[in-house]
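Here is a short briefing for a first look at a structure. Keep the 3D view open while you read.

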Amino acid sequence: RKLLPPPHNGIGSPEDSLISCKMLAPKQPKVDLERLMTYSGETLRLEAIMANGEPEDASRRMIISLYPETLPITFSVFEMQA
């Protein structure tokens, strides 16, 4: 009788969770050398504001940084001090 994999717990992608159940040591993702050479050290920074209509959030500002050299593209969000 074959066991079914456990349900996805919400951390990471469902594919990553399934692979980690099937393999003891997951394979390293392939490196896209062209992307790495093109975007090496590049960071895209955006300034954002809260637009939810709440008066206490009107003055909140965020910095969103995208790192295109990594796969999948990673990002970080920081709130600027007023």
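The points below cover the sheet, the salt bridges, a surface patch and a few single residues.

This is a predicted model. Three strands make an open antiparallel sheet. The whole structure holds three salt bridges.

- The strands are ordered β1-β2-β3, and their pairing is antiparallel.
- Strands β1 (44–49) and β3 (74–79) form the edges, as each pairs on one side only.
- From one strand to the next, the twist averages 20 degrees.
- Strand β2 covers residues 61–67. Six bridges join β2 to β3, and the two run antiparallel.
- Leucine 66 faces a residue of β3: phenylalanine 75 stands opposite.

**A buried serine in the sheet**

- Serine 65 belongs to strand β2.
- Serine 65 has a relative accessible area of 4%. The cut-off for buried is under 20%, so serine 65 counts as buried.
- Which residues touch serine 65, leaving aside its neighbours within four places in sequence? They are Thr43, Leu44, Arg45, Thr74, Phe75 and Ser76.
- Phe75, one of these contacts, is also the residue opposite leucine 66.

- Side chains of opposite charge can pair when their charged atoms come close.
- Glutamate 47 sits in strand β1 and arginine 61 in strand β2. The pair is 14 residues apart and links distant parts of the chain.
- Glutamate 47 is exposed, with a relative accessible area of 54%.
- Arginine 61 is partly exposed, at 36% relative accessibility.

**The salt-bridge network**

- Aspartate 57 forms a salt bridge with arginine 60. Their closest N and O atoms are 3.3 Å apart.
- Arginine 60 also meets glutamate 79 in a salt bridge, at 2.9 Å from N to O.
- Arginine 60 lies in the loop between β1 and β2, while glutamate 79 lies in strand β3, so their pairing ties together parts 19 residues apart in sequence.
- Shared partners join Asp57, Arg60 and Glu79 into one network.
- Arginine 60 is partly exposed at 27%. Glutamate 79 is partly exposed at 40%.

- Leucine 33 is placed in helix α2, which covers residues 33–39.
- Leucine 33 has a relative accessible area of 56%. Exposed means over 50%, so leucine 33 counts as exposed.

- Serine 59 is in the loop between β1 and β2. Arginine 60 lies in the loop between β1 and β2 as well.
- Is serine 59 buried or exposed? Serine 59 is exposed, with a relative accessible area of 57%.
- Serine 59 and serine 40 are 19 residues apart along the chain. Their C-alpha atoms are separated by 34 Å.

Key. Residues numbered from 1 in each chain as written. Predicted model: local features only at pLDDT ≥ 70, side-chain atom pairs only at ≥ 80, totals over all residues. Heavy atoms only, no water. Helix = DSSP H or I, 4+ residues; strand = E, 2+ residues; numbered from the N terminus. Buried < 20%, exposed > 50% of the residue type's maximum accessible area, 1.4 Å probe, protein only. Pairing = 2+ DSSP bridges. Axes fitted to C-alpha atoms, helices over the stretch in contact; angles between N-to-C directions. Contact = heavy atoms within 4.5 Å. Salt bridge = Lys/Arg side-chain N within 4 Å of Asp/Glu carboxyl O.
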